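Hi there,

Here is the structure I promised to pass on. My notes on what turned up in it follow below.

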Amino acid sequence: MSVSFAAEVHGNDLHSIVHKHIAIVIIDCQTLSRSCLSRILRRELPEVAIHDIATSDGLVGIIEKNIGLAVLNIENSNLTDEWLSANLAYIRQLRPEASVMLLAQLEEASITDAIVSEVAKRGVKGYTTNSDPVEVVLAAIRLIMAGGAYYPRSMIPDDRKGPNSGSGS
């Protein structure tokens, strides 16, 4: 399996973030997937507070001061849907400090670099698909929590062309 990603880390690491008492919020209307991801994160990141809520409206009830990451399951919604735009704006309004990561049930081939670039402009720091192994999802979460960004597709900002330009394996 080949995974490519774009990452920019700003000198942070998960250890220093954890000591700032930052939390992760899982936003997913599907109880089973939300509770499974929450349990995995609680086991993998025991020092981080993990909250799970069904909708972004639940952010109002979380009293945690620092939400470091909101993981939003968009299910089969397209990355350009109005529903997603409204949710991203709402999360940004309530928790401007929070990075956002998307979980999508989309075919990777349907997610173009242009679409990824557009959601990145709206504050999304990365995404994974629900078909990705849990290790990839955890790595993406850790990278974003450390100040980076995770995009499985290569986003090449300059004129380089070719199928392997800017991607890792």
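Let me start with a charged pair: glutamate 44 and arginine 142 join their side chains in a salt bridge, at 3.1 Å from N to O (a salt bridge being a side-chain nitrogen of Lys or Arg within 4 Å of a carboxyl oxygen of Asp or Glu). The two partners lie 98 residues apart, with glutamate 44 in helix α2 and arginine 142 in helix α5 (residues 134-145). Helices (H or I, at least four residues) and strands (E, at least two) are DSSP runs, numbered from the N terminus. Glutamate 44 counts as partly exposed at 30% relative accessibility, and arginine 142 is partly exposed at 31%. For these labels, buried is under 20% relative accessible area, exposed is over 50%, and partly exposed is in between (1.4 Å probe, protein chains only).

Before you go further, please note that this is a predicted model, in which local features need pLDDT of at least 70 and side-chain atom pairs count only at pLDDT 80 or more, while totals for chains, interfaces and linings use all residues. Residues are numbered from 1 along each chain as its sequence is written, and side-chain values use heavy atoms, with hydrogens and water left out.

Back to the charges. The structure holds five salt bridges. One of them brings together the side chains of aspartate 52 and arginine 34, at 3.2 Å from N to O. This pair also links distant parts of the chain, 18 residues apart: aspartate 52 sits in strand β2 (residues 49-53) and arginine 34 in helix α2 (residues 31-44). Aspartate 52 is partly exposed at 31%, whereas arginine 34 counts as buried at 11%. Both belong to a salt-bridge network that links Arg34, Arg42 and Asp52. Another bridge, between arginine 95 and glutamate 97, has an N to O distance of 3.6 Å; here arginine 95 is buried at 10% and glutamate 97 is partly exposed at 38%.

Now the sheet. Its five strands form an open sheet with parallel pairing, in the order β2-β1-β3-β4-β5. Strands β2 and β5 are the edges, each pairing on one side only, and the twist averages 20 degrees from one strand to the next. Two strands count as paired if DSSP finds at least two bridges between them; β4 and β5, which run parallel, are joined by five. Methionine 101, for instance, has glycine 126 in β5 as its bridge partner. Helix α3 packs on the sheet and touches β1, β3, β4 and β5, its direction making about 170 degrees with that of β3. Contact here means heavy atoms within 4.5 Å, and axes are lines fitted to C-alpha atoms, for helices over the stretch in contact, with angles from 0 to 180 degrees between N-to-C directions.

Which residues touch the most other members of the largest nonpolar core? They are Ile27, Leu79, Leu84 and Leu102, out of 27 residues. Such a core is a set of buried Ala, Val, Leu, Ile, Met, Phe, Trp, Tyr and Cys residues joined through side-chain atoms within 4.5 Å. Strand β3 (66-75) is among the elements that give two or more residues to this core, and β3 gives the most, with four. A second, separate core of 21 residues includes Ile22, Ile26, Leu41 and Val136. As for leucine 102, its contacts include Leu72, Ile74, Leu84 and Tyr127, leaving aside residues up to four places away in sequence.

Best wishes
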